[in-house]
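Reader: I would like to learn how to read a model of this kind, one feature at a time. Could you take me through it, giving the general idea before each case?

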Amino acid sequence: MIELDRLVRRYGEREALSDVSLSLPTGKTVVVFGPNGAGKTTLLRVLATLLRPHSGAVTVLDRQLPDEAWRVRGRIGLLGHEPLLYRELTPRENLRYHARLHDVPQERVQERLQAVSMTNRADEPLRTLSRGMVQRVAVARATLHDPELLLLDEPYANLDPAAIDLVMPLIGAESGRTRVVSSHDPSRGLAEADLVLGLRAGRAVIVKAAPDVGPEEIAELYR
Amino acid sequence: MRRTVGALVRKELLVELRTLESVPGMALFAVTTFVVFHFALNQNTVSGQEAAGILWVTLLFAAMLGVNRLFVADADQGGFDGFLLAPVDRTALLLAKALALLCYLLVLELVAVPAFGLLLLGPPLGQALPGLLAPLALGDLGVAAIGTLVAALAVRTRARDLLGPLLALPLLVPIVIGCARASAPLLVSAHPGGPALRWIATLALYDLVFGLIAYAVFDFLLED
Amino acid sequence: MRSPSLRALSISTVLAFCVSLSLVFFYAPIEADQGFLQKIFYLHVPLAIVALCGFVIGGLFAIAHLRTGDQRWDLRSYVAIHMSLIFGVGVLLTGSIWARASWGHWWVWDEPTLVSFLIVFLLYATYSPLRFAIEDPERQGRYASVFAITAGAFVPLNFIAVRLSASYVHPRVLGATSNLPSSMAFTFLVSLAAMALLFATLCSYELAAKRTRILLKVRSRTLGFR
């Protein structure tokens with residue numbers, strides 16, 4: 001489902017990702033740990049086809065990036081630090097816009113709003129909503145087109161426990177989708193991971209199955 | 001492609017209607033500038049080439065306000081990413097933004113041209129108006145194409161408000177030449193002529209060439 | 001290594017300039033109307049032609065950069081445009097002096113080529129600010145190339161547009177180039193060749209200097225220096 005073979009992505013002369021290799025089967029979850037600046041967000045953006053790999057092979061959903069990026073775009077959902085929503089528009093308008101872009105029927109918008117429990121505030125401008133509500137709408141946006149692959153950058157930040165329970169069916173392990181999740185929370189991260197990727201300064205220092213990784217190893221990354 | 005452009009234009013116009021960030025400012029700027037010109041020139045009316053010059057320079061600078069704001073919401077609120085993640089042809093963004101800018105310019109002119117006729121123009125506007133439509137339309141197309149390209153170029157840089165107009169104004173000089181020269185014979189009281197065909201042709205050619213160039217290079221501004 | 005061709009270029013440039021300057025001062029006749037200062041024409045027009053070609057070549061290199069993704073084309077494009085801009089300052093200065101000598105004013109709007117050149121110069125003057133306003137080096141190169149292509153296409157179109165708008169009241173001095181006496185034409189061509197060689201030489205020097213700096217940076221990094 002995802003194959004990375006010595007992926008390199010530079011920023012100027014610095015290597016933001018350096019020889020990262022990974023193999024993730026369909027339906028499994030890899031959790032990415034690492035301090036700030038380790039390359040977690042860069043990795044997610046490369047997988048999302050927003051950044052092109054500078055060297056190494058990247059295969060996502062059986063397609064080679066960057067050449068076949070256009071084929072996989074509609075099958076990936078990215079939930080990043082930014083909600084990717086327009087503040088002056090309402091949640092409904094934002095979702096309608098994304099539905100049109102992804103050629104998804106408009107009925108799905110209402111479904112998703114209900115799924116994240118945002119129907120009662122769906123027609124107020126986004127800038128009047130709290131951070132947690134915006135994040136819920138962002139989850140709706142990221143899953144609107146039923147993507148096969150979910151790329152989640154610290155998805156549970158800004159969400160209270162009730163909200164987390166709401167979104168789990170959509171973006172959690174039980175959604176059944178293949179997931180790449182970046183996380184700062186070792187216990188929750190290890191609990192939902194099938195595979196663990198530990199990044200430090202762009203290098204993959206941990207690439208192991210989740211049961212083989214202990215919390216102290218994760219803590220080492222941050223030292 | 002059409003669906004994508006439609007979705008994008010709808011979103012653009014919706015955001016603009018909600019925020020009213022561009023169009024009222026552009027229109028107000030134009031009217032205020034006419035007033036300033038009255039005092040700067042110390043004249044009650046203008047006609048001929050002078051009138052054409054004042055009209056086009058004012059429209060141009062007002063357009064710059066719109067160009068500056070064209071991609072700002074997308075750059076600041078993750079609009080680029082949201083678009084780039086969609087399985088659509090990326091040139092649709094160029095078309096949609098240019099169409100939106102064109103709409104803004106049309107509204108601007110609906111306000112500014114009558115205001116010009118009222119405040120500064122000596123000869124009656126009514127007789128000049130039919131002839132003015134062609135330069136206005138072609139000028140708008142040129143500003144839309146070049147303005148969108150320049151706006152996309154400038155928005156993800158550090159000095160975006162400054163670079164936009166600095167890049168756009170030289171590129172728009174031929175449009176100013178064409179429009180101002182085409183309109184000058186229309187704005188005289190005695191025996192107003194029609195716009196010279198040579199200027200209309202120049203404008204059309206310039207619009208075509210830069211439209212094609214913008215179409216060809218735009219994708220490179222979006223990819224990373 | 002690069003030095004043989006750099007040396008050859010430098011020598012031929014110096015030679016060409018010696019020949020052209022001797023021609024200008026000793027061979028070409030003094031023009032009846034404008035006197036001795038007319039000779040600045042042999043400096044001004046070649047500077048302008050070479051600078052304009054430099055801008056367009058910068059655009060062509062930019063196309064190669066976008067098509068291949070090879071950063072070396074971006075470097076060549078940057079150097080060509082940069083050098084043309086410097087030559088452009090020379091064009092405007094010599095043009096101004098010539099205008100003063102011919103018409104008594106430091107600037108004239110009746111010379112459409114000079115006017116078009118001013119517009120082109122103002123456009124390309126934004127090239128460096130644009131580059132420096134973008135931090136990501138890859139994006140910087142890409143955006144600069146988009147600019148170079150757009151501006152390169154603009155150069156000929158702008159000339160046409162300004163030409164069309166020019167009033168034909170004052171006689172255009174540059175129009176006189178088509179019916180130059182052969183002595184002046186020959187001098188002009190040699191001056192043009194010398195200027196083109198100068199451009200090529202200066203660009204090669206700048207490219208070599210930049211390449212060396214990049215090499216030094218790479219070497220010092222691999223050796224562990226900060």
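Author: Let us begin with strand pairing, where two strands pair if DSSP finds at least two bridges between them, and where helices (H or I, at least four residues) and strands (E, at least two) are DSSP runs numbered from the N terminus. In chain A, strand β3 (residues 29-33) runs parallel to β8(A) and is joined to it by 4 bridges, with A:T29 having A:R179 as its bridge partner in β8(A). Strand β7 (residues 149-153) of chain A also pairs with β8(A) in the parallel sense, over 5 bridges, and there the partner of A:L152 is A:V181. This is a predicted model, in which local features need pLDDT of at least 70, side-chain atom pairs count only at pLDDT 80 or more, and totals for chains, interfaces and linings use all residues. Residues are numbered from 1 along each chain as its sequence is written, while chains are lettered from A and ligands numbered from 1 in the order in which they are written.

Reader: How does the chain cross from β7(A) to β8(A), and what is the hand of this crossover?

Author: A crossover is right-handed if, with the strands pointing away from the viewer, the path from the first strand over the helix to the second runs clockwise. Here the chain passes from β7(A) through helix α6 (residues 161-171) of chain A to β8(A), and this β-α-β crossover is right-handed.

Reader: Which residues have the most contacts inside the largest nonpolar core?

Author: In soluble globular proteins, nonpolar side chains tend to be buried together. A nonpolar core is a set of buried Ala, Val, Leu, Ile, Met, Phe, Trp, Tyr and Cys residues joined through C-beta atoms within 7 Å. The largest one has 207 residues, and those with the most contacts inside it are A:L151, B:L108, B:V150 and B:L153, while α7(B) gives the most to this core, with 16 residues.

Reader: Why does B:A152 count as buried, and which residues does B:A152 touch?

Author: B:A152, which has its place in helix α7 (residues 125-155) of chain B, is buried because 25 other C-beta atoms lie within 10 Å. Two residues are in contact if their C-beta atoms, placed from the backbone, lie within 7 Å, and, not counting residues up to four places away in sequence, B:A152 touches B:F71, B:F218 and B:L221.

Reader: How many residues of chain C are in contact with chain B?

Author: In this model, 23 residues of chain C are in contact with 23 residues of chain B, and α6(C) gives the largest share of the chain C side, 14 residues.

Reader: Where should I look for a positive phi or a cis peptide bond?

Author: Most residues other than glycine have a negative phi, and most peptide bonds are trans. A:D62, in the loop between β4 (55-60) and β5 of chain A, has a positive phi near 65 degrees, and A:D62 counts as exposed because it has 12 C-beta neighbours inside 10 Å. A cis peptide bond, with omega about 0 degrees, joins A:L65 and A:P66.

Terms used: Buried ≥ 20, exposed ≤ 12 C-beta atoms within 10 Å, placed from the backbone.
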